[in-house]
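Colleague: I am new to this one. Please take me through it by question and answer.

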Amino acid sequence: MTFTIQEIAAALGAEAVGDLSYSIRGAAEPADATQDDLALAMSPKYGDALGQGQARAAILWEGADWQELGLEAAIFTARPRMTMSSLTSALDPGQGFAPGIHPSAVIDPTAELADDVAVGPFSYVAAGVRIGDGSVIGPHCTIGTGARLGKQAYLREMVSIGARVVIGDRYIAQPGARVGADGFSFVTPEVSGAENVRKTMGDQGDAKAQSWVRIHSLGAVEIGDDVECGANSTIDNGTIRNTRIGNGTKLDNLVHVGHNTRVGNDCLLCGQAGISGSVEIGNNVILGGQVGVVDNIFIGDNVIAAGGTKILSNAPAGRVIMGYPAIKMETHTEIYKAQRRLPRLARDVAALQKAVFKAEAKD
């Protein structure tokens with residue numbers, strides 16, 4: 001497909017100049033762009049790169065001299081990142097999933113699918129499932145008994161939705177996402193060493209070795225509207241109450257949300273973040289990559305945790321945290337600076353000791 005500069009500018013709600021009938025087929029970085037591409041040079045630092053490519057049209061930063069840059073047409077944007085959202089949506093060719101129900105898909109006769117739902121090859125939809133209008137179920141997906149998916153759900157290949165899971169509208173699941181696995185819940189017949197350590201912070205006591213006994217997950221998962229789960233992310237069922245994910249929350253690849261945990265609205269959980277069971281997370285929380293969260297704590301609204309942070313205790317609303325264990329980011333930075341000064345401090349102390357000992361020897 002081709003798009004004119006005028007069509008793209010209208011879709012973005014942006015100002016366009018030059019030859020508005022100029023057509024492009026895709027978008028590219030300035031140095032890699034061909035004459036069929038719209039170059040993305042949305043800040044001055046990308047201006048020089050335009051000369052390395054062949055683009056004749058570009059999205060530019062406000063105030064750029066598009067004619068001096070050798071372009072035939074240009075689109076101007078005040079907020080580049082937001083422009084990227086609209087542009088990529090307009091140009092996205094999709095995965096090419098065919099409409100309708102593939103002959104190899106298995107649909108239980110009691111399942112209720114809206115008329116325009118698409119189900120890909122080798123997918124399975126169990127008894128009592130309900131799937132809303134405009135939803136796309138990709139190949140090799142499984143939707144468990146009694147699950148509910150709202151309107152315009154989009155499941156990529158090999159996604160699994162467990163029994164009794166309830167999901168709102170416009171849900172997106174990337175390849176391999178798993179919703180509704182049993183929680184990681186086990187207990188020993190007598191008090192275990194781990195339980196003693198939790199109380200004593202170091203002493204296992206006289207606990208003996210025992211076998212682990214499984215606690216079944218009777219709860220399910222509830223997911224709000226406009227939620228996205230990244231590739232190979234996992235959300236576990238609750239033990240008794242449901243695990244919950246709020247409206248607008250996004251999970252990156254390889255994120256794990258443990259049983260009973262409740263995540264608020266519009267949160268970002270970045271790659272490899274791991275959240276233990278029974279955690280309460282507020283709204284607009286951002287957990288950077290590889291953040292770990294211990295069980296049975298709360299994280300308040302608007303908390304931001306830097307990548308690699310390990311949250312071992314409650315985090316109050318609005319706190320910006322970092323480190324292991326998590327502390328205020330500015331405090332962590334001061335500690336890090338002090339650690340870097342330790343070798344020099346050790347040399348200074350050694351020099352002082354040497355000077356003192358020499359002085360004492362003379363006395």
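Predicted model: local features only at pLDDT ≥ 70, side-chain atom pairs only at ≥ 80, totals over all residues.

Colleague: How many residues of strand β7 are buried?

Modeller: Buried means under 20% relative accessible area, exposed means over 50%, and partly exposed lies in between (1.4 Å probe, protein chains only). In a regular strand the side chains alternate between the two faces of the sheet. In β7, Ala 73, Ile 75 and Thr 77 point one way, Ala 74 and Phe 76 point the other way, and all are buried. For strand β7 (residues 73-77) the count is 5 of 5.

Colleague: Which residue in β7 is the bridge partner of Ala 58?

Modeller: Strand β2 (residues 15-18) is joined to β7 by 4 bridges and runs antiparallel to it, with Glu 15 opposite Phe 76. Strand β6 (residues 57-61) pairs with β7 in the parallel sense over 5 bridges. There the partner of Ala 58 is Ala 74.

Colleague: Is Thr 83 buried or exposed?

Modeller: Thr 83 is found in helix α3 (residues 80-91). Contact means heavy atoms within 4.5 Å. Leaving aside neighbours within four places in sequence, Thr 83 is in contact with Leu 12, Met 42, Ile 59 and Thr 77. With a relative accessible area of 11%, Thr 83 is buried.

Colleague: Which residues touch the most other members of the largest nonpolar core?

Modeller: A nonpolar core is a set of buried Ala, Val, Leu, Ile, Met, Phe, Trp, Tyr and Cys residues joined through side-chain atoms within 4.5 Å. Nonpolar side chains tend to be buried together in soluble globular proteins. Of the 51 residues in the largest core, those with the most such contacts are Ile 143, Leu 155, Ile 161, Tyr 171 and Leu 287.

Colleague: How many residues are in the other core, apart from that one?

Modeller: Its members include Leu 12, Tyr 22, Ile 24 and Ala 57. The number of residues in this core is 16.

Colleague: How many salt bridges does the count come to?

Modeller: A salt bridge is a side-chain nitrogen of Lys or Arg within 4 Å of a carboxyl oxygen of Asp or Glu. One of these joins Glu 72 and Arg 56 (3.8 Å, N to O). That pair links the loop between β6 and β7 with the loop between α2 (47-50) and β6, 16 residues apart. By this rule the total is 10.

Colleague: Why does the pair of Asp 226 and Arg 170 tie together parts that are apart in sequence?

Modeller: The side chains of Asp 226 and Arg 170 meet in a salt bridge (2.5 Å, N to O). Asp 226 lies in the loop between β23 (221-223) and β24 (228-229), and Arg 170 in the loop between β18 (166-167) and β19 (172-173), so the parts tied together are apart in sequence by 56 residues.

Colleague: What is the relative accessibility of Phe 186?

Modeller: Phe 186 has its place in strand β21 (residues 186-187). Phe 186 counts as partly exposed because its relative accessibility is 38%.

Technical notes. Residues numbered from 1 in each chain as written. Heavy atoms only, no water. Helix = DSSP H or I, 4+ residues; strand = E, 2+ residues; numbered from the N terminus. Pairing = 2+ DSSP bridges.
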